[in-house]
Amino acid sequence: DSFLRGHVEAFIAFNGCPRVALYDNLKSAVLERVDHVRGSSIRFNPELLALAAHYRFEPRPVAVARGNEKGRVERAIRYIRDSFFAGCSFTDLADLNAQARLWCLGLAAERRWPEDGALSVRQAFEAEGRSLMTLPETAFALGERVAAKVGKSPYVRFDTNDYSVPHTHVRRTLTVLADESSVRVLDGATELARHRRCWDSHEQIEDDAHVQRLVDAKRAGRAHRACDRLGAAAPASAELLKRAGARGENLGSITAALMRLLERWGAAALQAAITEALARDVAHPNAVRLALERARAASGEPPPVALVLPEHVAKRDAPVRTHDLRSYDRQPDRQHDPQPDPPQDLPERPDE
C-alpha cells in the first residue's frame with residue numbers, strides 16, 4: 001500500500017504521469033521473472049498493473065545486475081541522504097514531510113542540472129513537465145483491503161490491533177479498508193465503522209457508540225429474560241405489568257421487585273399474591289408483598305429467609321446425590337469369596 005501511495009502522491013506533485021516507469025525487480029512490482037535467450041518472461045504484481053492501467057503508464061523492470069540502467073536513481077538517493085537527512089531533526093512524520101517538501105522546492109530545485117549546467121533542476125523539470133500525461137479525473141483507490149472475521153466479540157483484528165464494530169455484526173466476515181490515517185470496516189458497500197489507525201501492537205480501539213449500544217442491548221436482553229421467567233412462574237404477572245404500564249409505572253423496577261419476591265417466596269405463593277393484588281385493583285409490587293405477608297401470617301409459618309449467592313455460585317450449585325449405603329453391608333459370596341483357612345495347632349515348645 002505504501003509503494004502504490006508513493007506513486008499516486010508523486011504523480012499529484014508532478015501534476016502529470018510519465019509514460020514509462022522503471023523498476024528494480026522488487027516484489028511489489030515483479031512477482032516472478034524468467035530470463036532466457038529470446039527475452040524475459042515477467043509476472044507483474046497485479047496491484048501494480050491495476051495502478052498502471054488507471055494512470056496509463058508502462059511498468060518496465062530493468063535487467064538483473066545492470067546497475068547502469070538505474071544509476072541516476074542511486075545517485076539521487078545518495079544526494080538526498082547527504083544533503084537533506086544529514087543533520088536533520090524532526091518531531092514526527094508530518095514534520096519530516098513538511099521539511100522535505102520545502103527542501104525539494106528550494107535547495108534541491110535550485111541546484112545545477114547534471115546534464116546541462118546552464119539550467120537548474122527547476123528549469124529542466126518545467127520543460128520536461130509539458131511532456132507528462134495528464135492525470136485521470138478520478139483518483140486511484142488507495143488502501144489495504146483485507147477480509148476480517150468477527151468472532152463472538154464485536155471486534156475485527158487488523159495488523160495485530162482490534163477495532164470495534166456494531167454488536168449486530170458478530171460472527172460474520174467483513175471487509176477492512178485501511179490507509180495511513182484511518183481504518184474503515186465495511187459490510188459490502190455499507191460502512192459500519194471508521195477508526196483512527198493505530199500503529200502500535202496489540203491495542204484495542206473502540207468507538208464509544210458501539211460500546212454503549214452493546215450495553216443497552218445486554219440490559220434489554222436481561223429484562224426480556226426476567227419477563228419470560230416471571231411469566232412462566234406466575235402467569236398473572238403479565239396482567240399486572242400491563243396495568244402498571246397503562247398507569248405509566250417503571251416496568252423495569254416492577255419486574256425486578258417481582259423477581260426478588262419470586263426467589264424468596266416461590267412461584268405458587270407469588271401467583272396467589274398477584275391474583276389478590278389484581279382483585280384489589282392495585283398493580284404494584286408493594287400490594288403483592290403485603291398479600292404474601294398476610295398469607296404467611298395466616299398460616300403461622302415463619303418468614304422465609306433469602307439466601308443470596310453470587311451468580312457463578314448459583315449456576316454451579318447442584319443437588320448432591322446420596323450414596324446407597326447397602327453396598328457396605330454386602331454379605332460375602334460363598335461361591336466366589338475365598339474362605340479363611342482353619343487355625344492349625346502350633347508345635348509345643350521344648351520347655352513346656
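1. V288 touches L240, L258, L261, L270, A273, I274 and A277, with residues up to four places away in sequence left out of the count; contact here means heavy atoms within 4.5 Å. The model is a predicted one, in which local features need pLDDT of at least 70 and side-chain atom pairs count only at pLDDT 80 or more, while totals for chains, interfaces and linings use all residues. Residues are numbered from 1 along each chain as its sequence is written, and side-chain values use heavy atoms, with hydrogens and water left out.

2. V288 also belongs to the largest nonpolar core, which has 22 residues; L240, L258, L261, L270, I274 and V288 touch the most other members. Such a core is a set of buried Ala, Val, Leu, Ile, Met, Phe, Trp, Tyr and Cys residues joined through side-chain atoms within 4.5 Å. At least two core residues come from each of α8 (237-246), α9 (251-265), α10 (267-279) and α11 (285-299). The largest share, six residues, is that of α9. In soluble globular proteins, nonpolar side chains tend to be buried together.

3. L270, A273, I274, A277 and L278 of α10 are buried (under 20% relative accessible area; exposed is over 50% and partly exposed in between, with a 1.4 Å probe and protein chains only). Viewed down the axis of α10, the buried residues fall within an arc of 135 degrees, so they line one face of the helix; the arc is that of the directions from the helix axis to the C-beta atoms. A268 and A279 are exposed on the other side of α10.

4. Two residues deserve a backbone check. D281, in the loop between α10 and α11, has a positive phi of about 60 degrees although it is not a glycine. With 56% relative accessibility, D281 counts as exposed. R56, in the loop between α2 and β4, likewise is not a glycine and has a positive phi of about 65 degrees. R56 is partly exposed, at a relative accessible area of 44%. Most residues other than glycine have a negative phi.

5. The whole structure contains seven aromatic pairs (rings of Phe, Tyr and Trp, the last by its six-membered ring, with centres within 6.5 Å; planes under 30 degrees apart are stacked, over 60 edge-to-face, and the rest tilted). F11 and F57 form an edge-to-face pair, 5.8 Å centre to centre with 70 degrees between the planes. F11 lies in helix α1 (residues 2-14) and F57 in the loop between α2 (46-55) and β4 (58-61), so the pair ties together parts 46 residues apart in sequence. Both F11 and F57 are buried.

6. Y79, F84, F85 and W103 are linked into a cluster by ring pairs. F84 counts as buried at 9% relative accessibility, as does W103 at 12%.

7. The protein has twelve helices and 13 strands, taken as DSSP runs (H or I of at least four residues for helices, E of at least two for strands) numbered from the N terminus. Its average pLDDT is 84, and 85% of the residues score at least 70; pLDDT is the predictor's confidence in each residue, from 0 to 100. Where pLDDT is low, the predicted coordinates should not be read in detail.
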